[in-house]
Number of protein chains: 2
Amino acid sequence: MSLNETNSAIQDADFADDLNIGDIERPAERAYQGIRRAILKGILPSGAHLREEALAQMTGTSRTPVREALRRVVAEGLARADNRHRYVSDFSFKEVSIVFDIRIRLESFAARVAAENITDSELAELDHILAEIDRIENVGQPAATERFAELNSRFHNTIIKATRSMQMQTLSAQAVSLPLEVIKQFVWEQTVNIAQSNDQHRVIVTALKQRNPDWAENAMAGHILSTKPHRPSIMPRG
Amino acid sequence: MSLNETNSAIQDADFADDLNIGDIERPAERAYQGIRRAILKGILPSGAHLREEALAQMTGTSRTPVREALRRVVAEGLARADNRHRYVSDFSFKEVSIVFDIRIRLESFAARVAAENITDSELAELDHILAEIDRIENVGQPAATERFAELNSRFHNTIIKATRSMQMQTLSAQAVSLPLEVIKQFVWEQTVNIAQSNDQHRVIVTALKQRNPDWAENAMAGHILSTKPHRPSIMPRG
DNA sequence: CACACAATATTTGTATACAAAGTCATGTCG
DNA sequence: CGACATGACTTTGTATACAAATATTGTGTG
């Protein structure tokens, strides 16, 4: 039953506007962004069967790029693979909460390793990001939140890259992408405090500049912990 | 230069024997196993350009399943994606070492969560695996090592599944697959101690049975730590 | 001889046709 | 009436042809 509903929900309407993929040229990227946004916006609800042909129509591409997109979406945890089929993951409070706990362990370790390997130019890059975040105005407006999301992503990625480990980058990318998306969508709107966040960023950078692994690890753990949602009520479907 | 060598290396010879994929029917699986084994056996050396057509010939399939296999191989960390191309990862001591440090944090957290969620039937399953490992004979022979690798995998996966978190399973699968392969290939042959390992397994199961998260976490961390290679000399290419 | 640039070859990206596997409904027989 | 075989239908898997992008080679010119 619910599968049919999902099917028709995709096929009956034109979601190009909702998905904002009108100007994306490359089919692979179109398909990926389209599916990702459809999941995050709830157009494709938890448990929905992700049919290749229907998604190809939805995103205006063919099945080939859709299949590649589905692999990415599954790898990121937004969908799960079961036998030959794929279904939208559930983002219950419990699941999101656990991913944050994983991030705390993963990224704080990354900060530790980064403290021993980061270059001066990377530290300068971090300083630059801090300054950019300080310059954000109209706090609370969607545009400001979007801008912060982008800079915040760059901040965390710069530190992960500073570990000089390809494996660390691969694993972190997966652990970080889901919570960052979910946060942006459901949590930040209500609770993000840019100034407070940047204070914590500054502490982390100071620890990195002093090449102090213990401090860097602790500061990063505290930072992520402070962004972890702790009330089930602010979560969407769970 | 080295790219050409790689190319001809793939095309000139028939590696079907070396790769042991002769009896795998499904092309997707053939391609995946073939590429994976070629990387682990060193037929495809670190940094080698993974060309789709060449790999399709090597594995006796077409480019479509090869592309899917490449995604998996990249997701597992055996290869890295760069622009539109893919290259064999390097498994330097530093990289392998860092993945073990990540596993320590990830899996010990999994054991903590599992202690609070594991079912009686899963505990029985763990007991069964312990008994099977105890039954392994001819320790030191390849067949025994292979059998232990399989049971060890099941042991760790059972605990990860006991967390009841899909996200935990997805992330762990990626963090665990690489080191387990590398261990089997390069480390265990020389250092694995099945009896000692199973002693540690038993401690973990006891902690889980008592639903003691702290103990379970600590025991798992110690177990993985004990399997982490600590001498660069036993690693292959790094 | 170095360099720019065009022609060519190689490699990946995309679409599509067809095959295989699985699902579901229908109808027949015990 | 129910179990089960059967066949149509749906969905994913695979191969391949073609397009686009990128790298390489060769050639001419300053």
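**Reading the model**

Author: Let us begin with one residue: N152(B) sits in helix α8 (residues 142–161) of chain B, where helices (H or I, at least four residues) and strands (E, at least two) are DSSP runs numbered from the N terminus. The model is predicted, so local features need pLDDT of at least 70 and side-chain atom pairs count only at pLDDT 80 or more, whereas totals for chains, interfaces and linings use all residues. Residues are numbered from 1 along each chain as its sequence is written, chains are lettered from A and ligands numbered from 1 in the order in which they are written, and side-chain values use heavy atoms, with hydrogens and water left out.

Reader: Is N152(B) buried or exposed?

Author: Buried means under 20% relative accessible area, exposed over 50%, and partly exposed in between (1.4 Å probe, protein chains only). N152(B) has 4% relative accessibility and therefore counts as buried.

Reader: With which side chain does the side chain of N152(B) make a polar contact?

Author: A polar contact is a pair of N or O atoms within 3.5 Å; within protein, one must be able to donate a hydrogen and the other to accept it, and residues adjacent in sequence count only if both atoms are side-chain atoms. The partner here is the side chain of H201(B), at 3.1 Å.

Reader: Which residues other than glycine have a positive phi?

Author: Most residues other than glycine have a negative phi. Among those with a positive value is N138(A), at about 55°, which lies in the loop between α7 (120–134) and α8 (142–161) of chain A. N138(A) counts as exposed, at 57% relative accessibility. Another is R164(B), whose phi is near 65°. R164(B) belongs to the loop between α8 and α9 (166–191) of chain B, and is partly exposed with a relative accessible area of 35%.

Reader: Which residues touch the most other members of the largest nonpolar core?

Author: In soluble globular proteins, nonpolar side chains tend to be buried together. A nonpolar core is a set of buried Ala, Val, Leu, Ile, Met, Phe, Trp, Tyr and Cys residues joined through side-chain atoms within 4.5 Å. The largest one here has 126 residues, and I35(A), L208(A), I35(B) and L208(B) touch the most other members. Contact means heavy atoms within 4.5 Å; not counting residues up to four places away in sequence, L208(A) touches residues including A111(A), I118(A), L126(A) and I159(A).

Reader: What is L106(A) in contact with, beyond its neighbours within four places in sequence?

Author: L106(A) is in contact with L171(A), S172(A), A175(A) and, from chain B, I102(B). L106(A) is found in helix α6 (residues 93–117) of chain A and is buried, with a relative accessible area of 6%.

Reader: Let us turn to the DNA. Which residues are the closest to DNA strand D?

Author: A residue is near a strand if one of its heavy atoms lies within 4 Å of it. DNA strand D is surrounded by 16 residues, the closest being R51(A), R63(A), R67(A), S62(B) and T64(B).

Reader: Which parts of DNA strand D do individual residues approach?

Author: A polar side-chain atom of T64(B) lies 2.5 Å from a base nitrogen. A phosphate oxygen is 3.5 Å from an N or O atom in the side chain of R86(A), and a phosphate oxygen also lies 3.4 Å from a backbone N or O atom of P27(B).

Reader: Which residues are the closest to DNA strand C?

Author: For DNA strand C, the closest of the 16 surrounding residues are S62(A), T64(A), R51(B), R63(B) and R67(B). The side chain of R63(B) has an N or O atom 2.8 Å from a base nitrogen of DNA strand C, while that of R84(B) has one 3.2 Å from a sugar or linking oxygen.
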